[in-house]
Amino acid sequence: MRIFIAVDLSRECKGYISSIQREMERELEQKGTKVPEENFHITLEFLGETDECGLKLIESAMDDVKADQFDLRINGRIGSFRRGINKGRVYFIQIDHSRELEEMQWRLHQALKERGFRLEERPFKPHITLFRNAYMKGDIEVFRPFKDHIDSIKLMKSERIRGRMAYTPLYVKSLNNPV
């Protein structure tokens with residue numbers, strides 16, 4: 001099964017992101033694939049195909065990550081990158097620098113490597129994907145920044161169900177409450 005570890009977002013945050021997505025959709029020249037609201041997340045590590053034994057190792061690595069809950073600022077700026085020749089772009093919302101998020105991702109990355117997982121080594125660039133294979137004809141608007149409270153990380157299974165991508169939580173690691 002295809003697996004990744006992510007920060008899930010609150011219902012309120014996903015609702016606001018969905019409103020941004022609707023605004024942007026009016027400006028798209030090439031509609032591409034719209035990410036469903038329930039799939040908005042921030043990927044911490046993509047692990048790809050993993051078997052049942054691998055799941056237990058991943059859960060163990062997640063449990064080893066010591067991190068407190070924190071507020072994350074989502075800055076409202078839209079970014080994009082080209083997906084390949086003859087394809088549209090991927091559009092996403094940028095995340096402000098967050099020491100807590102970056103340290104948590106680094107600890108998770110190290111814990112997974114210690115357990116033998118082969119991971120991407122490119123720099124961590126947190127974002128929330130909105131559209132794939134799309135193309136915006138005009139300038140991209142900047143939206144009002146917002147915050148979300150992060151209290152857990154989730155091991156997610158990615159699968160196609162009735163033609164749509166579905167993400168199912170397999171394991172949840174709660175972050176410490178620093179009260």
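The lining of the second largest pocket draws at least two residues from each of β3 (33-34), β7 and β10, where strands are DSSP runs (E, at least two residues) numbered from the N terminus. This is a predicted model, in which local features need pLDDT of at least 70, side-chain atom pairs count only at pLDDT 80 or more, and totals for chains, interfaces and linings use all residues. Residues are numbered from 1 along each chain as its sequence is written, and side-chain values use heavy atoms, with hydrogens and water left out.

**Second largest pocket**
- Among the 13 lining residues, T33, K34, R132, R160 and M165 lie nearest the centre of this pocket.
- β10 provides the largest share of this lining, namely three residues.

- Leaving aside residues up to four places away in sequence, I5 touches (heavy atoms within 4.5 Å) several residues, including I42, L44, I58, L108 and L155.
- In soluble globular proteins, nonpolar side chains tend to be buried together.

**Cysteines**
- C13 is buried, with a relative accessible area of 4%, whereas C53 counts as exposed at 60% relative accessibility; buried means under 20% relative accessible area, exposed over 50%, and partly exposed in between, with a 1.4 Å probe and protein chains only.
- A search of the whole structure for disulfides (pairs of cysteine sulfur atoms within 2.5 Å) finds zero.

Terms used: 1 Å grid on protein atoms, 1.4 Å probe; cavity = no way out; pocket = protein on both sides within 12 Å on 5 of 7 lines; lining within 4 Å. Helix = DSSP H or I, 4+ residues; strand = E, 2+ residues; numbered from the N terminus.
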